[in-house]
Amino acid sequence: MASSCQNLIAALKDCLKYSDCVMKDGHKPSECLKEHFNELPEECQNLRKATFECKRGMLDMRKRFRGNIVGSQFEYTPREPPPPPTASQTPDLNSFSTKPTISSTMTDSTKPFVLYFAGTPNGFMPTVLLEELKAINPAVDYDVEKIDISKNIQKEPWFIKLNPNGRIPVLVDRSRNNFAVFETAAIILYLAQHYDKDFNFWFNPATQPDDYSEMLQWIFFAHGGVGPMQGQLNHFNKFAPVDIPYAKKRYLDETKRLFGVLEIRLQDRDWLAGPGRGKFSLADIKTVPWVRIYKFSGIENLDEWPNVKVCCHNLFRVMRMEFHGKIGLGGPL
């Protein structure tokens, strides 16, 4: 075990020790990490990820620079155990609502959808498609319920009932018996399947099977590659409790590599899927919202990937900007 990671490990053990998973639910710390990780406080989750990356970084560094101490600058002070709650402070578990707290206008709304949303790339994606569908189909309209992910609202029991993974966004289709859909790729495919019968933003699997397959390939490329890798880059650049240069470089390099894959695909094309120069489709809606925050991710510009830059501009040119400006999602690059 890397000695320079000991402070991180100690902090993680301490965080687990005083978590609800251990103190209230009676699980062992190892059980909390293996079986209840998504229920842990964000601090514990971040410490676990940082510990993992620290160990990997140490193993890599030992091969080249013996004695290099990744993560040793993290200082840990054991926390004091919390005082036992008084009777007045003990929560009544039966009093917790199983439904989200929403405004009266939300309760009385006749709009067919409600989108549980935060201003992240993943939150951005369904709004792009919903606004496009709304423009061509007046029956498509939706309420937005903003979720404060900094307060872990998405981990509350009522939200877990909508998405057991405890992540935004979630779309609830009131017109189909309050059917809930989570994961961005699943949401946009669901909307296309049920509310874009003319295939404006996707391809007919029966008559355009190759174009449909290509669209799916790029959706899943973004869902399993660009999003997770750039998300990890953002975490270690902005939110990790310890500076880990190895992790920051690893995810920066991988994000740039994935941008390079998009650059190859977009040579002589405007869009990721479709014949000829392509057609604006779900594949672009799934991919571009991550690319557009490149500066937040620590990438100075897109000059290295000019075709990717053009695709980003194309998306902002075609999409309905009025709504996205109102909710703070910004404009063109």
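Predicted model: local features only at pLDDT ≥ 70, side-chain atom pairs only at ≥ 80, totals over all residues.

Reader: What makes up the secondary structure of the chain?

Author: The chain has 13 helices and four strands.

Reader: How many of the 333 residues are buried, as a percentage?

Author: Buried residues are 45% of the chain. The cut-off for that word is a relative accessible area under 20%.

Reader: Why is T184 called buried?

Author: The relative accessible area of T184 is 4%. The limit for buried is under 20%. So T184 qualifies as buried.

Reader: Where is T184, and what does T184 touch?

Author: T184 is in helix α8. Leaving out residues up to four places away in sequence, T184 touches N122, M125, P169, H223 and K286.

Reader: Why is α11 described as largely enclosed?

Author: Ten of its ten residues are buried, so α11 is largely enclosed by the rest of the structure. Among these buried residues are L282, D284, K286 and W290.

Reader: Which elements do the buried residues of α11 pack against?

Author: They pack against α6, α8, α9, α10 and α12.

Reader: What makes a group of residues a nonpolar core, and which members stand out in the largest one?

Author: Its members must be buried nonpolar residues joined through side-chain atoms within 4.5 Å. The largest core here has 54 residues, and L191, M215 and L282 touch the most other members. The elements giving two or more residues to this core include β1 (113-117), α6 (121-136) and α9 (209-239). Helix α8 gives the largest share, eight residues. Both domain 2 (113-195) and domain 3 (209-318) supply at least three residues.

Reader: What does L282 contact beyond its neighbours within four places in sequence?

Author: L282 is in contact with L129, I188, L189, A192, F201, W202, M215 and I219. Apart from this core, there is a second, separate one of 20 residues, which includes C32, F37, L40 and L233.

Reader: How many aromatic pairs are there?

Author: The count is 13 aromatic pairs.

Reader: Why is the pair of Y116 and F159 called edge-to-face?

Author: First, the distance. The ring centres of Y116 and F159 are 6.2 Å apart, and a pair needs centres within 6.5 Å. Next, the angle. The planes of Y116 and F159 stand at 85°, and edge-to-face means over 60 degrees. So the pair of Y116 and F159 is edge-to-face.

Reader: What does this pair link?

Author: The pair links distant parts of the chain. Y116 is in strand β1 and F159 is in helix α7 (residues 157-162), 43 residues apart. Y116 and F159 are both buried. Ring pairs also link Y116, W158 and F159 into a cluster.

Reader: How do you know that W218 and F221 are edge-to-face?

Author: Their centres are 5.2 Å apart, with 75° between the planes. The angle is set against the limit of over 60 degrees. W218 and F221 both lie in helix α9, three residues apart, about one turn of the helix. Both W218 and F221 are buried.

Reader: What makes you say that the charged end of K238 sits over a ring?

Author: The charged end of K238 is 5.0 Å from the centre of the F296 ring. The distance cut-off is within 6 Å, alongside a condition on the ring normal. R292 sits over the ring of F124 in this way too, with its charged end 4.8 Å from the centre.

Reader: Which value draws attention to N152?

Author: N152 has a positive phi of about 60° although it is not a glycine. N152 lies in the loop between β2 (142-146) and α7.

Reader: And what is phi for F199?

Author: Phi of F199 is near 60°, positive in a residue other than glycine. The place of F199 is the loop between α8 and α9.

How values were computed: Residues numbered from 1 in each chain as written. Heavy atoms only, no water. Buried < 20%, exposed > 50% of the residue type's maximum accessible area, 1.4 Å probe, protein only. Domains from an automatic or database assignment. Contact = heavy atoms within 4.5 Å. Phe/Tyr/Trp six-rings, centres within 6.5 Å; stacked < 30°, edge-to-face > 60°. Lys NZ or Arg CZ within 6 Å of the ring centre and 35° of its normal.
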